[in-house]
Amino acid sequence: MAWLGRTSTEHQQDPSLSIPRQLRKSRQALPDGYMIVAHFYDIESGRKELDDRGHSRAHEQFDIAIPRDGGIQDLLTEAARPDRRFTAVICESIDRVARRTYFGTKIEYELEQSGVLLLAANEPITPAIGRSQRSRKQAGPILTRRINQAIAEWYVVQMLELSWDGFCEHSEQGWNIGRPPYGYQAEKHPHPVPAKRAEGKTKTRLITDPIKGPTVTTIFQMRALQRLGYDAIADRLNTDLLRHPPPEPVDPRRAVGRWTGSAIRGILINPKYTGYMVWNRRASKKGGRYNPASEWVWSPRPTHEPLVTKELFEAASPVAKHRQGSRTGTGLNAHPQTKRSYRLRSYVVCDICGRRMFGKTRNNIAYYACQPERQHHKGRTDWYSDHPKSIWVREELLLNAVRTFFAEHIFDPSRTRYLRTQLKRSTEDRAGDAAADRRNQLAWDLAGLHRRQDDLIDQRENLDTTGNEDADREYRKSIQRRFAELTTARSARPSELDRINTYVPLVGHDSSVLDPLSRVQCDLTELPEDLERRLYDAFQLKIRYNRTRHEVALQAAIRGRDGHISQHGRTEG
């Protein structure tokens, strides 16, 4: 016989104990006259795809005193050979073959097609094992095996569902999972389970780091308001590392002592900075890839102090697509053949296909071009069915349109009047919305504080001793301190709620702050390239050129620090 063993990763079980135990039980179940002549085992999950099974080298990390002839794939390969060393395969239980019924029965079928019987030590084994006996009295053993396989798969699925529900509830209550993000610190609380508390285990909530927290807010503002790239933001932060200390990786050996573009990106895509607790952003068993946002688990309410508003977070998110493949800086790029720069680089988009147009020079005249390569878009005829082979527009024409747009529609008196009207209307609406949001937040806070006090009372009344008097005494004191903190927090909520209920928002504006805008004499032709691009970035300039209609659509946005946007646009022939 050949022996087949499997155990989960080292995080779940101890392979140095599990593998020898499986072999011992399999040997005890051997009928007379049979012996194990080959050993095949793996350290991996039994829920993996069959083609991915048997390739792990995790067994090399453990000192397992059992010779290994390979894994499940090696077993199947040898079983199909005419010179195989065995006529049957035995395992401790059928769930060691696979945790999915489909893969378990497939392996069993492939072995049977090769004339090899699959046996399990916890199932009845016929003393005489051979092909002739296999066709007799099969109903009972098949039913037993299928039931065992179904139970094994049901057990794993149930444990995964319970674990998922536990993590969801854990996150919804505001407990952090994993290392605190940059800008936050871990506030440790005694674990509510006595046995885990006795082991020194804790649960953590996020509190703002007084030094690193403001850096996170600065990063989002530079991204959303100035539309800087990852590396450009990192370069600015690296000029003052005392004020903006760089993040420290989990492995100190990977520390570079400065900000990098990847570190900036990791911060900008983390929604925990909005004050909500978010879990399941990354898959734990698929290389750490990011899950779609639809699979994230959000707490229903903010659970910790936010470092950015949701509006600012959402404003920073689409910038990556807008800037993808385009550097932030001005001047020539690093290519050795580059001879000139393009002032409207990254702003101009082809209105027909939606792709960003690129700079090109012909006869010493600068153009922006769109030339889709059809071989790169097979099956996507909707992108270029009405698209000319190439589209060219002179930079001079676009620059004149943009500069006129800013001079006449951004800085002129009519724009000032427009802003006054919009600001008044939006302030009235947003003031009412903010009051309603804060009122709901306070009501939710009061309910949560009351619930947490009840939980503390239940813990105090049902306190189980750990056998350590000092630990029990300290835990009782921590409950009392926490109860007092919650009482203080509850007493402050009603007075704030009364102020909100009696507050009448002021919607008047001091129009004088907008007056200087109308007196600006704007001639953008005199601006250096870097200043002109900074102006366009600040107003989030977008240019869409439609060759079919011979039109250019221009759009500028004025974004407040809270993420609110006022937009103005114009289309010119």
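I took helices (H or I, at least four residues) and strands (E, at least two) as DSSP runs, numbered from the N terminus. On that basis I counted 16 helices and 15 strands in the protein. I note that the model is predicted.

**Entry: overall figures.** I looked up burial and found that 39% of the 573 residues count as buried. I then recorded the accessible surface, about 32,900 Å², and noted that carbon and sulfur atoms hold 50% of this area. For contacts between residues at least 6 apart in sequence, I found that 66% join residues at least 24 apart.

**Entry: strands S3 and S4.** I examined how strand S3 (residues 88-91) meets S4 and found the two parallel, joined by four bridges. I traced Cys91 to its bridge partner in S4, Ala120. I also placed helix H3 (residues 101-113) with these strands: S3, H3 and S4 form a β-α-β unit of right-handed sense.

**Entry: side chains of S4.** Which way do the residues of S4 (residues 117-120) point, and are they buried or exposed? I found Leu117 and Leu119 directed one way, with Leu118 and Ala120 directed the other way. I recorded all of these residues as buried. In a regular strand, side chains alternate between the two faces of the sheet.

**Entry: cavities.** Which residues line the largest cavity? I listed Glu123, Pro124, Pro141 and Thr144 as its lining.

Definitions and conventions
Residues are numbered from 1 along each chain as its sequence is written. This is a predicted model: local features need pLDDT of at least 70, side-chain atom pairs count only at pLDDT 80 or more; totals for chains, interfaces and linings use all residues. Side-chain values use heavy atoms; hydrogens and water are left out. Buried means under 20% relative accessible area, exposed over 50%, partly exposed in between (1.4 Å probe, protein chains only). Two strands pair if DSSP finds at least two bridges between them. A crossover is right-handed if, with the strands pointing away from the viewer, the path from the first strand over the helix to the second runs clockwise. Contact means heavy atoms within 4.5 Å. Accessible areas come from the Shrake-Rupley method with a 1.4 Å probe; for residues, only the protein chains shown count as cover. On a 1 Å grid over the protein atoms alone, a cavity is a set of points where a 1.4 Å probe fits but cannot get out, and a pocket is an open set with protein on both sides within 12 Å along at least five of seven lines; lining residues have an atom within 4 Å of a point.
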